[in-house]
Amino acid sequence: MTRASLSAAPKTVRVDLGDRSYDILIGPGLIATAAGEIAGRLKGRRMAVITDEHVAPLYLEPLMASLKEKGIEAVSLVLPAGEKTKSFEHLIPVCEAILGARIERNDAVIALGGGVIGDLTGFAAGIARRGSRFIQIPTSLLAQVDSSVGGKTGINSPHGKNLIGVFHQPDLVLADTDVLDTLSPREFRAGYAEVAKYGLIDKPDFFAWLEKNWQAVFAGGEARIEAIAISCQAKADVVAADERENGRRALLNLGHTFGHALEAATQYDGRRLVHGEGVAIGMVLAHQFSARMNLASPDDATRVETHLKAVGLPTRMNDIPGTLPPAEKLMDAIAQDKKVKGGKLTFILTRGIGQSFVADDVPANEVLRFLEEKHPG
Ligand SMILES: NC(=O)c1ccc[n+]([C@@H]2O[C@H](COP(=O)([O-])OP(=O)(O)OC[C@H]3O[C@@H](n4cnc5c(N)ncnc54)[C@H](O)[C@@H]3O)[C@@H](O)[C@H]2O)c1
Ligand SMILES: O=C(O)C(=O)C[C@@H](O)[C@H](O)[C@H](O)COP(=O)(O)O
Ligand SMILES: [Zn+2]
């Protein structure tokens, strides 16, 4: 079992994976004290920090100063920001930076950034020297509540999202909640979609709490920290129970089969659609499709859409700027989804708010007709 500590600051959520268990620390000021947390847990005194061009000017220097103060020798690599960085092109310099810095097995690779940097760096750490230690310092809301936890790493392909990668768990996650103040409102909203996802999977009370308190979560302070801790705890519980997605972990994919197809269809162009926005549209579609299959009430889909719209997220395919490829093309990306088994589609569907389930063998013709109806044309 995993458990969030109630009173301590920072809050700690433990991901319970036997001898690969690790802590997620959540709270203000953690970048400045990062080296203390790292040195207390890892023997190595050499690190490679990977970050992006937006995060580096804000947070790289304080992190490097903290490492230096504790006698940790570190190199850094700054990559372009955005989803297109999750590619073979950028994997190569990350691997070379790790090897060039002579990161040994007790040393570590640090991802300082959002989910793009976390997924790419985690993949490089997973393959360099057949597996190097890895620390996540997530700086976007999405990365703090989702991508930094659970060990899914990888890059995209024109064939689909995250199709190349490995499971490689971090040794530590440091979620400094102060850094969210510099995140753009659009990126904060995108991360919020993954927060709402935990409510829609199996926490109807949390979803209802978010409907009432989302403004406080956006404003910062205790409500925000609480929402992050609840999200991390939810993810930690699922990962501890099903690390490699043989069953229950697939629930974390709610909204993603549609969402990933839309990201691929927009060529991972963040000006049109970012991951969390795809998830928001995908979660509305998953609830609408469940209603169409007579599994849930259409009122639930309306409730989900109303809430996501209220926070300013896109909820329909026609909220995406530009032209989308036809529904048949979206089906090509859906057919590449990692949950497909024996050519049969698996979707996360729902019986109502917080009652999601894994549906195997979803008829492709029904999905196609549904997408044709919803497609902006
Ligand atoms: N591995 C997983 O389990 C998992 C889970 C969810 C999402 N993901 C992946 O995560 C990626 C999306 O992550 P994301 O939404 O963090 O995108 P991102 O990494 O592109 O970050 C969003 C933007 O915010 C900037 N940024 C990040 N932190 C900032 C800060 N504190 N201040 C100012 N700017 C900041 C970044 O430079 C970027 O421009 C997708 O590739 C998605 O597939 C992975
Ligand atoms: O951790 C998981 O498991 C998830 O599904 C979390 C998702 O939010 C995330 O976007 C993940 O990368 C999607 O996984 P994928 O296996 O469909 O690529
Ligand atoms: Zn996601």
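Me: What are the ground rules on confidence and numbering?
Reply: This is a predicted model, in which local features need pLDDT of at least 70 and side-chain atom pairs count only at pLDDT 80 or more, while totals for chains, interfaces and linings use all residues. Residues are numbered from 1 along each chain as its sequence is written, chains are lettered from A and ligands numbered from 1 in the order in which they are written, and side-chain values use heavy atoms, with hydrogens and water left out.

Me: How do you know where domain 1 and domain 2 lie?
Reply: The bounds come from an automatic or database domain assignment. Domain 1 covers 3-179 and domain 2 covers 196-374. Their centres, taken over C-alpha atoms, are 26 Å apart.

Me: What makes a residue part of the contact between domain 1 and domain 2?
Reply: Contact means heavy atoms within 4.5 Å. By that rule domain 1 contributes 32 residues and domain 2 contributes 29 residues.

Me: What does "bury" stand for between domain 1 and domain 2?
Reply: Buried area is the accessible area (1.4 Å probe) that two parts lose on being put together, summed over both. For these domains it comes to about 2,800 Å², with 59% on carbon and sulfur atoms. On the domain 1 side, V145, K161 and F167 lose the most area to domain 2, together 20% of what that side buries.

Me: Why is the pair K152 and E245 called a salt bridge?
Reply: The term requires a side-chain nitrogen of Lys or Arg within 4 Å of a carboxyl oxygen of Asp or Glu. The side chains of K152 and E245 have N to O at 2.4 Å, so the pair meets the definition. Across the interface of domain 1 and domain 2 the rule finds six salt bridges.

Me: Which element gives the most to the side of domain 1 that touches domain 2?
Reply: Helices (H or I, at least four residues) and strands (E, at least two) are DSSP runs, numbered from the N terminus. β1 (11-15), β2 (22-27), α5 (141-147), β7 (155-157) and β8 (160-164) each supply at least two residues of that side. The most come from α5, with five residues.

Me: Which polar side-chain atoms lie by an oxygen atom of ligand 2?
Reply: One belongs to H256, at 2.9 Å, and another to E194, at 3.2 Å.

Me: What makes phi of E245 worth a remark?
Reply: Most residues other than glycine have a negative phi. Phi of E245 is near 55°, a positive value. E245 sits in the loop between α8 (222-241) and α9 (256-265).

Terms used: A polar contact is a pair of N or O atoms within 3.5 Å; within protein, one must be able to donate a hydrogen and the other to accept it, and residues adjacent in sequence count only if both atoms are side-chain atoms.
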